[in-house]
Amino acid sequence: MTHIAEPLQRQLDQTPEQRAARLQTLCGPFVHLPGEPLYDAGRRPWNVAVDQRPAAVAEPHTIEQIRTLVRAAAEVGLRVTAQSTGHGAGILAGHRLDDVVLLRTGGLRGVHVDPVNQVARVEAGAPWEDVVRAAVPHGLTALHGSAPDVGVVGYALGGGLSWFARKHGLAANSVVGVELVGADGDVVRADTATNPELFWALRGGGGNFGIVTTIEIRLFPIADAYAGMMIWDVERAPDVLRVFAAWSPKAPEEVTTSCRIMRFPPIPELPDFLRGRSLVILDGAALLPDSVAAEVLAPFRALEPEMDTFARIPAEALTRMHMDPEQPTPGCGAGIVLDRLDEGTVAAFLSEVGPGAETAIFMAELRQLGGALGRPAPGAGALAQIAGSHIAFFVSIAPTPELAALGHASAERVVQALEPWRAERLFLNFAERPVEPSEGFGPDAWERLCAVKREVDPEGFFLGNHAIDSDA
Ligand SMILES: Cc1cc2nc3c(=O)[nH]c(=O)nc-3n(C[C@H](O)[C@H](O)[C@H](O)COP(=O)(O)OP(=O)(O)OC[C@H]3O[C@@H](n4cnc5c(N)ncnc54)[C@H](O)[C@@H]3O)c2cc1C
């Protein structure tokens, strides 16, 4: 054994608990160990159905602390995974974390907007709401998703499907630069000119290549949109979904919508129009003049929704239009891509989640794809496009393991029912549960991602939630 391998062997002979204790000694009080109150607070993700129990939790407030943490974890023989909000924790739950440090990035939330170049520099822990709020005074916005509190980095590294997606493509391909701490603890930059292969991999390949400290994203001169929602009682779901299926492929790419069935519990926190009701809801945004957008949406208005809020609204209001829960929520689910939405797909969907169906699913959603999403973006990263017509996405509320089991079973049933219309690949941001990550990519892109992983992280030190193995 060489003199390098000996200390390494000594570390590996230690238990993960001993290694974590040494990590805390090396890093200081921003590392929390099991049994400490800050450990329990720090390991709690947004998706509180997930009980993540890492070897240690780290809550750094500076990039220097991230570098210290990475170096120390390597020295003591622990791996590292980054998490900002924990919206994607259901996927990470597929991995054992007993030799992994969970690095929570919420202490780094800076956002700087450069209005001239229309770029935002965003620190690792910032949620979308912070970026939109900083961009809006300049008449700009970003390709954010449906919830204000989803993390920019996790969302963008995984693809990022926004209300402008059919016009402007995936958010991953609006990333113009990334800075990350690599396995040696040094900060590396990746953009088209510097480390271009790593830059390619980061845009779709997730958190497998290092701890992202800063991401730079393109902003778009969108000050407002014709946007909102229409709702009907769930009994109208067959009519609404048939119109949605016929309308979707013909809609202009300036329009991106979602159509979903939701079953709201009778709880006092909900407004009257939702409490205890089952509804079918169309929502989305059109980057079109009001009169043109109204014409495009006319087939839905002809179905006489009981509520119709579509109107010109400021870009900032789009972060809350979808009514995603902002408080930590226990959930489980599944998401697949459909290659078409026709009469058969609608019938299969309705038989599982439509009026009268026995299901534990709280939200059964169809998000519209096509337009720019269906074409490879120029100069794209690992996820260049999503081939398919819609994403089918199912979420159940899972406050107990028993309800989670029912939710999983309902999701499994509806995914099975939709199998004949299932597209070849997954969209990993909407997978919602542990899946085989290679299913998110074509064979060439997957091989290239594995090659980048072997190059930048040969020891498999960084664990992404959709993990790429360094020996794959
Ligand atoms: C309510 C809700 C609404 C959503 N809406 C949309 C939507 O409209 N469009 C869409 O595309 N997706 C949407 N998603 C999916 C969401 O984009 C993914 O769950 C995404 O992974 C969340 O990112 P996060 O940083 O908030 O989550 P986290 O769980 O904190 O992070 C997810 C993963 O990203 C990686 N990661 C995060 N930070 C870093 C970092 N600093 N360095 C390296 N890797 C990192 C890690 O692998 C981590 O496990 C939604 C999810 C929920 C729960």
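This is a predicted model: local features need pLDDT of at least 70, side-chain atom pairs count only at pLDDT 80 or more; totals for chains, interfaces and linings use all residues.
**Stop 1: the ligand**

The ligand is surrounded by 33 residues, and the closest are S84, T85, G88, G151 and L161. Now show the polar atoms. Pick S84: a polar atom of its side chain sits 2.6 Å from a ligand oxygen. Move on to G88, where a polar backbone atom is 2.8 Å from an oxygen atom of the ligand. Then select N429, whose side chain places a polar atom 3.2 Å from a ligand oxygen.

**Stop 2**

Next, switch to a cartoon view and find the open sheet of five strands, ordered 5-6-9-7-8 with antiparallel pairing. Which strands stand at the edges? Colour strand 5 (111–114) and strand 8 (187–190): each has a single partner strand, so one side of each lacks a neighbour in the sheet. As you look across the sheet, neighbouring strands are turned against each other by 15 degrees on average, direction ignored.

Zoom in on strand 6 (residues 119–123) and strand 9 (residues 211–218), an antiparallel pair joined by five bridges.

Helix 4 (residues 63–76) touches strand 7 (175–181), strand 8 and strand 9, and its direction makes about 135 degrees with that of strand 9. Helix 9 (residues 196–205) also packs on the sheet, touching strand 7 and strand 8. The direction of helix 9 makes about 100 degrees with that of strand 7.

**Stop 3: helix 10 and its partners**

Finally, select helix 10 (residues 237–247) together with helix 12 (residues 343–353). Their axes come within 10 Å and cross at roughly 145 degrees, and the crossing is right-handed. To see the contact, show A237, P238, L241, R242 and A245 on helix 10, which meet E343, V346, F349 and L350 on helix 12. By class, this contact has seven nonpolar, no polar and two charged residues.

Keep helix 10 on screen and bring in helix 11 (residues 290–301). The axes of helix 10 and helix 11 come within 9 Å and cross at roughly 150 degrees. Show V240, V243, F244 and W247 of helix 10, then V296, L297, P299 and F300 of helix 11, to display the residues that make the contact. How many nonpolar residues does the contact of helix 10 with helix 11 have? There are eight, with no polar and no charged residues.

How values were computed
Residues are numbered from 1 along each chain as its sequence is written. Side-chain values use heavy atoms; hydrogens and water are left out. Axes are lines fitted to C-alpha atoms, for helices over the stretch in contact, and angles run from 0 to 180 degrees between N-to-C directions. Helices (H or I, at least four residues) and strands (E, at least two) are DSSP runs, numbered from the N terminus. A crossing is left-handed if the near helix is turned anticlockwise from the far one by less than a right angle, and right-handed if clockwise. Contact means heavy atoms within 4.5 Å. Ala, Val, Leu, Ile, Met, Phe, Trp, Tyr, Cys and Pro count as nonpolar, Asp, Glu, Lys and Arg as charged, and the others, Gly among them, as polar. Two strands pair if DSSP finds at least two bridges between them. A residue is near a molecule or strand if one of its heavy atoms lies within 4 Å of it. A polar contact is a pair of N or O atoms within 3.5 Å; within protein, one must be able to donate a hydrogen and the other to accept it, and residues adjacent in sequence count only if both atoms are side-chain atoms.
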